[in-house]
Amino acid sequence: MSRRVVRQSKFRHVFGQAAKADQAYEDIRVSKVTWDSAFCAVNPKFLAIIVEAGGGGAFIVLPLAKTGRVDKNYPLVTGHTGPVLDIDWCPHNDNVIASASDDTTVMVWQIPDYTPVRNITEPVITLEGHSKRVGILSWHPTARNVLLSAGGDNVIIIWNVGTGEVLLSLDDIHPDVIHSVCWNSNGSLLATTCKDKTLRIIDPRKSQVVAERFAAHEGMRPMRAVFTRLGHIFTTGFTRMSQRELGLWDPNNFEEPVALQEMDTSNGVLLPFYDPDSSIVYLCGKGDSSIRYFEITDEPPFVHYLNTFSSKEPQRGMGFMPKRGLDVSKCEIARFYKLHERKCEPIIMTVPRKSDLFQDDLYPDTPGPEPALEADEWLSGQDAEPVLISLKEGYVPPKHRELRITKRNILDVRPPAGPRRSQSASEPPLSQQHTLETLLEEIKALRERVQAQEERITALENMLCELVDGTD
């Protein structure tokens, strides 16, 4: 008599539960733009949602604690002249968010900790480089102020947000519209999917395709791809018969999939949200009313179905909270923010445990808010794993940190008039010298103006005294 052996896993009993009604965000007019992005971004401080807006694009930013009905006059972030298509919070600064729009621009915004009185209309910086609409944004996981954007012009641009400069432009790799872009854990490689049905692994600093696979999924509808903790690529797509399908691939051997599973027949593109700490991938289809989740391991069949969270209302989009924003005291391993037509509803994924103590096995050290590299270091070829933090004492978001923009002056690169002397190691860079000289000149000019004003005041006082003496 054969006995069925149940696979051992601490995540086998993960269950999802919608938050109570008073924990939802009501009366939000979620955008109706037909675009396959999540429409929602969340971090330990704020919830951002792309909303309907007349005369351009806008999104709303709410403090996480501001649940309940949202006032119809609540200030929005408005600056784009076309619909906003994607938003993404900076992983290294919880007050900085980037937005991409149909108007071909990317804008980076500084969100204050207090509630603004009126709409935020001035971005910290506007990044202009695409010739068609920009639909994909992704911050570098370990380098400070490095942002990737992909547009309808089939170009990927990697920016240094701190200076507003283009670090890299990948414009000869994709012959058609880019559907998704994902960094690996240390930001050395990209996984992209394209309308030409090809899955590519790209080294952005060499502008080279390291590996590629044509027709990872044979259907014509959009594919999605994410890197897993073990370096594999997890994909979602469609079969030739329009059935939804998921796959797991080894970039070192793209000939055969590690795993390939058909799921169901539906039109909605499956958005994968991957948690590297637990190696669970959550699949949320636009228009679906469920979230399926799978555990990825190194044992056959490699992608193990865990469970499905189902609800009545279809989802318009989905936000995924970073691990440092979860409530570890309740064994919460994931939290989603599900967009309905007029509201946003938190959905909490929990591992049932009897003990109230901190569960070390559920919460390994996770990426924190500190970057491991500067933008120039990454561009020069350095790689570094994320700086990890422990969640044992709970995570407290750092105080407001301002994003400083240092625009390079084109005059700094003029050829010198005379013979150029070598710059010693102790001297600051030319751009910094220029800034210091400018500041010193401005201070000097202000002092001269103050001195002139003081002399004028002294002269007027003397005239006043003479007039007073004359009247006496």
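A residue counts as buried under 20% relative accessible area, as exposed over 50%, and as partly exposed in between, using a 1.4 Å probe and protein chains only. At 3% relative accessibility, Phe294 is therefore buried. Tyr305 has a relative accessible area of 46%, so it is partly exposed.

This is a predicted model, in which local features need pLDDT of at least 70, side-chain atom pairs count only at pLDDT 80 or more, and totals for chains, interfaces and linings use all residues. Residues are numbered from 1 along each chain as its sequence is written, and side-chain values use heavy atoms, with hydrogens and water left out.

**Overall picture**

The protein has 472 residues, and 49% of them count as buried. Its C-alpha atoms fill a box of roughly 120 × 60 × 45 Å along the principal axes. It holds 2 helices and 32 strands. Both kinds of element are DSSP runs numbered from the N terminus: helices are H or I with at least four residues, strands are E with at least two. A contact means heavy atoms within 4.5 Å. Among contacts between residues at least 6 apart in sequence, 51% join residues at least 24 apart.

Strands of a sheet pair through backbone hydrogen bonds, either parallel or antiparallel. Here, 4 strands form an open sheet in the order β3-β4-β5-β7, with antiparallel pairing. β3 (40-42) and β7 (77-80) stand at the edges with a single partner strand each, so one side of each has no neighbour in the sheet. The twist averages 20 degrees from one strand to the next. Axes for such angles are lines fitted to C-alpha atoms, for helices over the stretch in contact, and angles run from 0 to 180 degrees between N-to-C directions.

Two strands pair if DSSP finds at least two bridges between them. β3 and β4 (residues 46-51) are joined by 3 bridges. Within this pair, Val42 stands opposite Leu47.

**Nonpolar cores**

A nonpolar core is a set of buried Ala, Val, Leu, Ile, Met, Phe, Trp, Tyr and Cys residues joined through side-chain atoms within 4.5 Å. The largest has 36 residues, and those touching the most other members are Ile28, Leu47, Ile49, Phe59, Ile60, Ile111 and Tyr337. Elements giving it two or more residues include β3, β4 and β5 (57-63). β4 supplies the largest share, 6 residues. Apart from this core lies another of 26 residues, among them Phe273, Tyr293, Ile347 and Met349.

**Rings**

Rings of Phe, Tyr and Trp (its six-membered ring) pair if their centres lie within 6.5 Å; planes under 30 degrees apart count as stacked, over 60 as edge-to-face and the rest as tilted. The count comes to 13 aromatic pairs. Two of them are set out below.

| Pair | Centre to centre | Angle between planes | Type |
|---|---|---|---|
| Tyr282 and Tyr293 | 5.7 Å | 40 degrees | tilted |
| Phe294 and Tyr305 | 5.6 Å | 65 degrees | edge-to-face |

Tyr282 lies in β25 (residues 280-285) and Tyr293 in β26 (residues 290-296), 11 residues apart. Both are buried. Phe294 is also in β26, while its partner Tyr305 belongs to β27 (residues 303-310). One aromatic cluster is formed by Phe273, Tyr282, Tyr293, Phe320 and Phe336.

Charges meet rings too. A charge sits over a ring if NZ of Lys or CZ of Arg is within 6 Å of the ring centre and within 35 degrees of the ring normal. Lys286 sits over Phe39, 3.7 Å from the ring centre. Arg221 lies over the face of Phe238, at 5.2 Å.
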